[in-house]
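Let's take a walk through this one together.

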Amino acid sequence: MSDWLIAVLLGIIEGLTEFLPVSSTGHLILAGELVGFTDNSSIAFKIAIQLGAILAVLLVYWQRFWAVGMGLLKAQPGPIAFTRNILLGFVPALLIGVIAYDAIRAAMQTPEIVAIALIVGGIIILALERIVKNVRFHSVEDIPFGTALSIGLIQSTAMLPGVSRSGATIMGGLMMGVERKTAAEFSFFLALPTMMAATVYALWKDRALLSADDLDMIAIGFTAAFVVAVIVVKAFVALVGRYGFAPFAYYRIIVGSAALLWLAMR
């Protein structure tokens, strides 16, 4: 398979999975194994194209971000609380990502970890869907600062490939009383600073491994991820509101089990 086809394929996979609680990184690692895209530069590629999907949030929610920006200029309480919560949720991932980058990079080269994390994560989602019932917070602005920080700490568990950043954030929010739709939107918004920082840091750390061809692949994958993610972001909140998270949990368990079987047989 040609490099540009690999870039398009992985970009589509990233756009489809970034906002679903199924681990986009895990899917990119397993897909990379299938197509033989596993060299050192592939890790920077898999991190960088996630930013393409994340930027889809800016397009879909531009009115919300514009209102927050204007509100900050006027020192309005709601926009201040919104910004505070996003920054608090981002800080743990920033600190842990810098400290543990080499360990995270090594885990991204171990597809068995992805398969196991997919299965375990699916089981946890099913359990939480049954247990969590108490709803206390109905908007991002309503979330107390301690809760926002705690959700950020839970998001950091997704640095283990296969856990799912969106899944960890959403499930963390549900456990702490955040309404389902709000938890999903908080996951979207929190992804912006988290993945921007992760992309810049990964490209800088791996700059010696990247060539002009690698940057071309990243640009193609980035674009494909952005286009597909715009569609997925719009559909995801409605889908979750209607069916909950159980379908994604079953999907994780099936894919993780199939991946373990395939890895054992090859």
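**A guided walk through the model**

Let's begin with a charged pair: Glu 129 and Arg 180 meet through their side chains in a salt bridge, 3.1 Å from N to O. (A salt bridge here is a side-chain nitrogen of Lys or Arg within 4 Å of a carboxyl oxygen of Asp or Glu.) This pair links distant parts of the chain, with Glu 129 in helix 7 and Arg 180 in helix 10, 51 residues apart. Helices are DSSP runs of H or I with at least four residues, strands are runs of E with at least two, and both are numbered from the N terminus. Glu 129 is buried, at 17% relative accessible area, while Arg 180 counts as partly exposed at 30%.

Before going on, a word on what you're looking at. This is a predicted model, where local features need pLDDT of at least 70 and side-chain atom pairs count only at pLDDT 80 or more, while totals for chains, interfaces and linings use all residues. Residues are numbered from 1 along each chain as its sequence is written, and side-chain values use heavy atoms, with hydrogens and water left out.

How many salt bridges are there by this rule? The count comes to four. Among them is the one between Arg 64 and Glu 141, whose closest N and O atoms are 3.4 Å apart. Arg 64 sits in helix 4 (residues 62-73) and Glu 141 in the loop between helix 7 and helix 8, so this pair ties together parts 77 residues apart in sequence. Arg 64 is partly exposed at 25% relative accessibility, and Glu 141 is partly exposed too, at 24%.

Arg 64 has another partner as well: its side chain meets that of Glu 185 in a salt bridge of 3.8 Å, N to O. Glu 185 lies in helix 10 and Arg 64 in helix 4, so the pair ties together parts 121 residues apart in sequence. Glu 185 is buried, with a relative accessible area of 12%. Put together, Arg 64, Glu 141 and Glu 185 are linked in a network of salt bridges.

Now let's head inside, to helix 9. Ten of its eleven residues are buried, so helix 9 is largely enclosed by the rest of the structure. The buried ones include Arg 165, Ser 166, Thr 169 and Ile 170. Just after helix 9, Gly 177 takes a positive phi of about 90°.

What does Ser 187 touch, leaving out residues up to four places away in sequence? Ser 187 touches Arg 165, Ser 166, Thr 169 and Ile 170, where contact means heavy atoms within 4.5 Å. Ser 187 belongs to helix 10 and is buried, at 0% relative accessibility.

A polar atom of the Thr 199 side chain lies 2.8 Å from the backbone oxygen of Met 195. Leaving aside neighbours within four places in sequence, Thr 199 is in contact with Ile 47, Ala 48 and Leu 51.

To finish, step out to Ala 264 in helix 12. Ala 264 is exposed, with a relative accessible area of 64%. The C-alpha atoms of Ala 264 and Glu 112 are separated by 9.1 Å, although the two residues are 152 apart along the chain.

Definitions and conventions. Buried < 20%, exposed > 50% of the residue type's maximum accessible area, 1.4 Å probe, protein only. Polar contact = N/O pair within 3.5 Å; in protein donor to acceptor, adjacent residues only side chain to side chain.
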